[in-house]
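Let's take a friendly walk through this protein. Have the sequence and the 3D view open as you read.

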Amino acid sequence: MSLRFGDDVSTAETDYGTVLLDERAGAYWELNPTVTLVVRMLLDGGEESDAAAALVREFDIDEAQALRDVEALVGQLRGSGLAS
């Protein structure tokens, strides 16, 4: 399932990943380059399996672990109210 940030979430890519600003709470979230890769894939309409495959290609990690990591990340982003 693709990902969409809420209207109250601003993003800025940096040399070190991505920074999110939750304008409702006034809180910043810093995403490392690995998470930025996953988020970018999902924001572009990719599925969680696509993002996991990108991790496998980029980092040569176990596919099942990559999918678990992507699912956990998406759960955290949605649970925090940053994304739907």
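## Two helices crossing

Start with the helices: H1 passes H2 in a right-handed crossing. Keep in mind that this is a predicted model. Two packed helices get described by the angle between their axes and the distance between those axes. Here, H1 covers residues 33-43 and H2 covers residues 48-59; they pack at about 145°, and their axes sit 9 Å apart.

So who does the touching? From H1, look for Thr 34, Leu 37, Val 38, Met 41 and Leu 42. H2 brings Glu 48, Asp 50, Ala 51, Ala 54, Leu 55, Glu 58 and Phe 59 to the contact. Sorted by type, the residues of this H1 and H2 contact come out as 8 nonpolar, 1 polar and 3 charged.

## Thr 18 in strand E2

Now hop over to strand E2, residues 17-22, where you'll find Thr 18. Is Thr 18 buried or exposed? With a relative accessible area of 8%, Thr 18 is under the 20% cut-off, so it counts as buried.

The side chain of Thr 18 makes a polar contact with the side chain of Thr 36, at 3.0 Å. Setting aside neighbours within four places in sequence, Thr 18 is also in contact with residues including Trp 29, Glu 30 and Leu 31.

## Asp 22 in the strand

Asp 22 belongs to strand E2 too. Its relative accessibility is 6%, and Asp 22 counts as buried.

What does the side chain of Asp 22 reach? It reaches the backbone nitrogen of Arg 24, at 3.1 Å. Not counting residues up to four places away in sequence, Asp 22 touches Asp 8, Ala 27, Trp 29 and Leu 82.

Methods
Residues numbered from 1 in each chain as written. Predicted model: local features only at pLDDT ≥ 70, side-chain atom pairs only at ≥ 80, totals over all residues. Heavy atoms only, no water. Axes fitted to C-alpha atoms, helices over the stretch in contact; angles between N-to-C directions. Helix = DSSP H or I, 4+ residues; strand = E, 2+ residues; numbered from the N terminus. Left-handed = near helix turned anticlockwise from the far one by under 90°. Contact = heavy atoms within 4.5 Å. Nonpolar A, V, L, I, M, F, W, Y, C, P; charged D, E, K, R; others polar. Buried < 20%, exposed > 50% of the residue type's maximum accessible area, 1.4 Å probe, protein only. Polar contact = N/O pair within 3.5 Å; in protein donor to acceptor, adjacent residues only side chain to side chain.
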